[in-house]
Amino acid sequence: MTQAVSSSSSSAGSAAAAATAKAGSNAGLEGVVAAKSEICFIDGIAGRLVYRGYEIGDLVENTSFGEVAYLLWEGRLPNKQQFDQLKSDVAALMTLPEHVSKLLADLPAKMQPMDALRTACSALAAVDPDVNSNEPDANRRKAIRLTAQLPTIVTAFHRLRNGEKPIAPDPSLSIAANFLYMLNGKKPHETLTRVMDAALVLHAEHGMNASTFAARVTAATLADMHAAVTAALAALKGPLHGGANQDVMEMLLEAGKPETVEKTVEEMLNSGKKVPGFGHRVYKTFDPRATFLRKMSKQLGEAAKNTQWYEMSERIIPIVKRMKNKDPNVDFFSASAYYTMGIPLDLFTPIFAIARVTGWTAHIMEQHKNNRIIRPTDDYVGPMGLKVEPIEKRA
Ligand SMILES: CC(C)(COP(=O)(O)OP(=O)(O)OC[C@H]1O[C@@H](n2cnc3c(N)ncnc32)[C@H](O)[C@@H]1OP(=O)(O)O)[C@@H](O)C(=O)NCCC(=O)NCCS
């Protein structure tokens with residue numbers, strides 16, 4: 001790893017990294033370049049996000065999640081024939097192996113869906129025909145399989161924990177539509193499918209974030225894709241990363257109504273707490289994904305004739321800006337959008353995973369293609385020169 005020289009890091013981030021590096025420590029590896037990558041470009045000052053050369057706004061408005069998955073894996077958008085092929089491959093692979101369905105049925109209903117997803121993802125390796133190969137073709141097949149299987153795991157576990165039978169995927173539906181169908185048991189309205197698909201596009205990839213780094217560190221030991229995705233799922237769960245979207249909604253629910261939300265947030269900040277859904281390691285401005293999710297949250301609220309959660313979210317923005325100079329990140333408006341769609345709170349982070357598995361697997365393939373084990377060093381500040389005392393003599 002070297003200090004940032006790449007244009008893909010914000011200059012503010014690089015400056016901060018240089019300062020901390022000089023001081024002899026770089027907590028959080030801020031500004032450190034861990035890999036050369038062709039997958040994602042982020043400009044944290046301008047608030048710009050680019051997948052494989054395409055601006056996120058162009059992708060969210062003019063492509064579907066399936067096309068974006070292909071783009072992340074292959075480096076180019078699919079033509080009609082390639083897209084149809086991918087669609088039918090995914091549709092054929094969404095059904096879970098029997099042992100994973102049984103495992104999900106045996107898991108305690110109180111288990112958190114992110115834990116169930118991580119456990120089931122690991123179990124998928126048992127029967128994956130390519131588990132022992134990290135070759136490009138095998139990795140590509142595994143990326144498609146994992147992308148097809150994760151939505152089935154999340155929805156099956158959710159239904160099982162509520163005492164309901166899982167619903168088999170409908171091969172005629174997209175990943176976004178299938179997710180909603182398998183969750184609720186009825187074909188989703190076109191608008192909801194479009195919003196879910198756009199949310200998946202927005203969450204699909206984001207450079208060297210914590211879960212992607214975890215995936216690349218794992219892949220760099222030449223562990224297989226299932227191992228690396230399981231590690232990524234573990235990292236995504238935390239409230240400083242993917243877990244923040246659930247925390248945002250819990251905060252809104254706790255505040256209760258628009259009139260009290262300002263007080264709730266001010267109290268949080270005055271007592272030294274962080275407001276979930278705000279701040280970002282790379283963006284020093286409005287996260288471009290939040291701009292799209294903001295519109296989606298508003299539209300969904302208007303369609304449902306309940307804009308309360310959207311309005312509360314809007315009221316929070318100026319307070320956090322004034323008191324902490326922080327802007328919303330991707331998790332802020334996804335919370336009110338998903339809640340308005342009727343999605344349970346603890347499925348918010350699993351939805352993030354359903355999207356991000358495409359980015360993780362693209363990074364795992366890139367890592368395996370040009371691998372060197374990722375093994376940084378640390379700055380030892382502990383004691384030296386100690387001598388072992390016999391156990392009976394130790395205090
Ligand atoms: C995203 C996040 C982990 C980035 O962390 P980071 O780059 O290490 O930044 P720091 O946590 O060191 O934040 C720098 C300063 O801003 C403050 N800050 C950062 N995010 C904040 C937030 N959401 N609310 C209030 N203050 C915040 C920190 O307290 C810190 O202040 P200090 O210098 O007075 O101690 C952090 O902003 C955060 O915890 N946000 C809330 C969780 C969240 O939404 N995560 C999803 C990210 S997509």
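Trainee: Is Lys 263 buried or exposed?

Mentor: Lys 263 counts as exposed, because its relative accessibility is 55%. Buried means under 20% relative accessible area, exposed over 50%, and partly exposed in between, with a 1.4 Å probe and protein chains only. Please keep in mind that this is a predicted model, in which local features need pLDDT of at least 70 and side-chain atom pairs count only at pLDDT 80 or more, while totals for chains, interfaces and linings use all residues. Residues are numbered from 1 along each chain as its sequence is written, and side-chain values use heavy atoms, with hydrogens and water left out.

Trainee: Which side chain does Lys 263 meet in a salt bridge?

Mentor: Lys 263 meets Glu 267, at 3.3 Å from N to O. A salt bridge here is a side-chain nitrogen of Lys or Arg within 4 Å of a carboxyl oxygen of Asp or Glu. Glu 267 counts as partly exposed, at 46% relative accessibility.

Trainee: Why are Glu 267 and Lys 263 separated by about one helical turn?

Mentor: Because they are four residues apart in helix α13, which covers residues 258-270. Helices (H or I, at least four residues) and strands (E, at least two) are DSSP runs, numbered from the N terminus.

Trainee: How many salt bridges does the count come to?

Mentor: The count comes to 23 salt bridges. One of them joins Asp 130 to Arg 141, with the closest N and O atoms 2.9 Å apart. That pair links distant parts of the chain, 11 residues apart: Asp 130 is in the loop between α6 (113-124) and α7 (136-161), and Arg 141 is in helix α7.

Trainee: Is Asp 130 buried or exposed?

Mentor: Asp 130 counts as buried, at 9% relative accessibility, whereas Arg 141 counts as partly exposed, at 40%. Both residues belong to a network of salt bridges that links Asp 128, Asp 130, Arg 141 and Arg 145.

Trainee: What about Arg 159: which side chain does it meet in a salt bridge?

Mentor: Arg 159 meets Glu 164, at 3.9 Å from N to O. Arg 159 is buried, with a relative accessible area of 11%, and Glu 164 is partly exposed, with 36%.

Trainee: Changing topic, how many disulfides does the count come to?

Mentor: The count comes to zero disulfides, a disulfide being a pair of cysteine sulfur atoms within 2.5 Å. As for individual cysteines, Cys 40 is buried, with a relative accessible area of 14%, and Cys 121 counts as buried at 0% relative accessibility.

Trainee: Let us turn to helix packing. At roughly what angle do the axes of α7 and α17 cross?

Mentor: The axes of α7 and helix α17 (residues 348-369) cross at roughly 165° and come within 9 Å. That makes α7 roughly antiparallel to α17. Axes are lines fitted to C-alpha atoms, for helices over the stretch in contact, and angles run from 0 to 180 degrees between N-to-C directions. Angles under 35 degrees count as roughly parallel, over 145 as roughly antiparallel, 65 to 115 as roughly perpendicular and the rest as oblique.

Trainee: Which residues of α7 and α17 make the contact?

Mentor: Among them are Leu 146, Leu 150 and Val 154 of α7, and Ile 354, Val 357 and Met 365 of α17. Contact means heavy atoms within 4.5 Å.

Trainee: What is the crossing angle of α12 and α16?

Mentor: The axes of helix α12 (residues 244-255) and helix α16 (residues 330-340) cross at roughly 65° and come within 8 Å. That makes α12 roughly perpendicular to α16. Residues that meet there include Val 248, Met 249 and Leu 252 in α12, and Phe 332, Tyr 338 and Tyr 339 in α16.

Trainee: Where does Pro 113 lie?

Mentor: Pro 113 lies in helix α6 and counts as buried, at 5% relative accessibility. Not counting residues up to four places away in sequence, Pro 113 touches Phe 157, Arg 161, Asp 346, Leu 347 and Pro 350. The C-alpha atoms of Pro 113 and Leu 347 are separated by 6.6 Å, although the two residues are 234 residues apart along the chain.

Trainee: One last topic, the backbone. What is phi of Lys 305 near?

Mentor: Phi of Lys 305 is near 55°, a positive value in a residue other than glycine. Most residues other than glycine have a negative phi. Lys 305 is in the loop between α14 (288-303) and α15 (308-324), and counts as exposed at 76% relative accessibility.
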